[in-house]
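Please look through the structure below with the sequence beside it. The paragraphs that follow go through its parts one by one.

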Amino acid sequence: MTLGFTLAYLTLIVLIPLAGLVWRSASLGWGGMWHVATDARTLNALKISFGTSLVAALINVVFGVIVAWVLVRYRFPGRRIIDAIVDLPFALPTAVAGIALTALYSKNGWIGRWLDPLGIKVAFTPIGITIALIFIGLPFVVRTVQPVMEEIRKEVEEAAATLGATRFQTISRVLLPGLTPAILTGFALAFARAVGEYGSVIFIAGNLPYISEIAPLLIVIRLEEFDYTGATAIAAIMLLISFTMLFVINLIQAWSRRRYGYAT
Amino acid sequence: MRHELPQPPQAAAGSWHPATTESRTARFILVSVALVFLGLFLLLPLISVFFEAFRKGPAAYFAAFADHDALAAIRLTLLVAAIAVPLNLVFGVVAAWTIAKFEFKGKAFLTTLIDLPFSVSPVISGLVYVLLFSTHSALGPWLKSQGIEILFAVPGIVLATVFVTFPFVARELIPLMQEQGTTDEEAALSLGANGWQTFWHVTLPNIKWGLLYGVLLCNARAMGEFGAVSVVSGHIRGLTNTMPLQVEILYNEFNTVAAFAVASLLALLALVTLVLKTLLELKYGAELAANGGH
């Protein structure tokens, strides 16, 4: 009975609406889909979305791993508060993050006023989009890598050290390989979230077609023009890509379970 | 006879450190990098919300809440969360109970399906309901003839919110209940308790902190959701604007102080959520199971 309720609720809220989207895009056919996908504005929006998401996820991997390492390994005043702050992007509504970042990076904002004389424009450019995506993606990397780091046994490092490895060698040859699946999963999660992100991006992006217009925004624009077909086609392309990402994440976890005996 | 204990090498006095950690300098650099990065990317935006909200003083700040549309937005946000969170709470408990306590085929697949809304862009979460209920859809004309409004009205906003917050409670409880197993319930049943009594007196007390944790995260997202709600709301002032949408409208009208004032309430909600979440983790970390964040 409880299984019946679970399935019924899941079907009503999630599966039927998603199936509606799939069905509608299927009725477009490959020709119609191709037509929308290769439209210059759509293509540019997809390029901007995926490009900025990729850069943001890479930056998050570097800093996310450092943050996780510092939180797991070192004791310093305020560590618990810092640890809690990492989850801020999960808790702060995206629209709030969006206007706050725009205020910071606009020409006379706290950060923007230092960058402007250097000729660096952040607000209303792809750099601004990337910064918003770094904000929302960071906790995905930290929270995926952190628990795995906590499980590292000291003996492994001691063995490496007694065998004459320098600290750098121990980290790069012994610790990092074991963390790779977790880092990859964190990267994929941050990337997937970034591609679909809307609220935190649209304020700082400035939304200039072909320059700083992201794919989710183009869906909204098409909807406002009552071009449901166009909106559906872009959504279907994005959905296809995010389900592929989901599949890749599952593959990484299966591989990690076989190779390292843990799943992130 | 005295044994001399081997001493660590003293050659470079003060720079010695165990082989399983980094040098003092390296540690200092790493901690600084982490702190500067978090300060710049996370803390500064949060601080600037409150700074911008009070830029023209407390009077201007509080004036923002005297506005009818702002109050209507606050009421709507509370209403939507009051419907969406309990719905997903009931679903989350039932789904986790089903997955953790029973054996059936396709369990792993069902767990993946429950997580599905997390991998869908918020805009697409709204779009699927537009496609389902718009006047061009199969359902649309019939709903219209019955006088039922879903899109650009409160039901649509609730549906979109339920969609995006769908997995929160379930995914918190599934690993927790799986870890707890079924022995407690079996004991209760063998002592003559019925199914409902078992759930109420045995299962629920076991999962209460995990449940609270899930509800906390679910509520934060429900009140703060922007993309999905923005697509289905229609942005009718005083009627279908939630707080995040009101923030957008005020901001686009260059009413910065009012926009940040409403935003500051949402930021406070985020802070309260973080504090409660951290307290729960500190106090009941073991009971929440080691499922590490999200």
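How far apart do the C-alpha centres of domain 1 of chain A and domain 2 of chain A lie? The model is a predicted one, and in it these two centres lie 27 Å apart. According to the domain assignment of chain A, domain 1 covers residues 1–38 and domain 2 covers residues 41–260.

The two domains touch each other, and the contact takes nine residues from domain 1 of chain A and ten residues from domain 2 of chain A. On the side of domain 1 of chain A that touches domain 2 of chain A, helices α1 (2–26) and α2 (29–37) of chain A each supply at least two residues. The largest share of that side comes from α2(A), with four residues.

Now turn to chain B and to how its helices pack. Two packed helices are described by the angle between their axes and the distance between the axes.

Take helix α3 (residues 68–101) of chain B and helix α7 (residues 154–164) of chain B. Their axes come within 9 Å and cross at roughly 40 degrees. Because angles under 35 degrees count as roughly parallel and those from 65 to 115 as roughly perpendicular, α3(B) is oblique to α7(B). The crossing in which α3(B) passes α7(B) is right-handed. On the α3(B) side, the residues that meet α7(B) are V80(B), I83(B), A84(B), L87(B) and N88(B). On the α7(B) side, their partners are I157(B), V158(B), T161(B) and V162(B). Seven residues of this contact are nonpolar, two are polar and none is charged.

A second pair in chain B is formed by helix α10 (residues 195–224) and helix α13 (residues 256–284), whose axes come within 10 Å and cross at roughly 165 degrees. Angles over 145 degrees count as roughly antiparallel, and α10(B) and α13(B) are therefore roughly antiparallel to each other. Here α10(B) passes α13(B) in a left-handed crossing.

Which residues of α10(B) make the contact with α13(B)? They are W209(B), L212(B), Y213(B), L216(B), A220(B), M223(B) and G224(B). From α13(B), the contact is made by L266(B), L269(B), A270(B), T273(B), L276(B), K277(B), L280(B) and Y284(B). The residues of the contact of α10(B) with α13(B) divide into twelve nonpolar, two polar and one charged.

Key: Residues are numbered from 1 along each chain as its sequence is written. Chains are lettered from A and ligands numbered from 1 in the order in which they are written. This is a predicted model: local features need pLDDT of at least 70, side-chain atom pairs count only at pLDDT 80 or more; totals for chains, interfaces and linings use all residues. Axes are lines fitted to C-alpha atoms, for helices over the stretch in contact, and angles run from 0 to 180 degrees between N-to-C directions. A crossing is left-handed if the near helix is turned anticlockwise from the far one by less than a right angle, and right-handed if clockwise. Two residues are in contact if their C-beta atoms, placed from the backbone, lie within 7 Å. Ala, Val, Leu, Ile, Met, Phe, Trp, Tyr, Cys and Pro count as nonpolar, Asp, Glu, Lys and Arg as charged, and the others, Gly among them, as polar. Domain bounds come from an automatic or database domain assignment.
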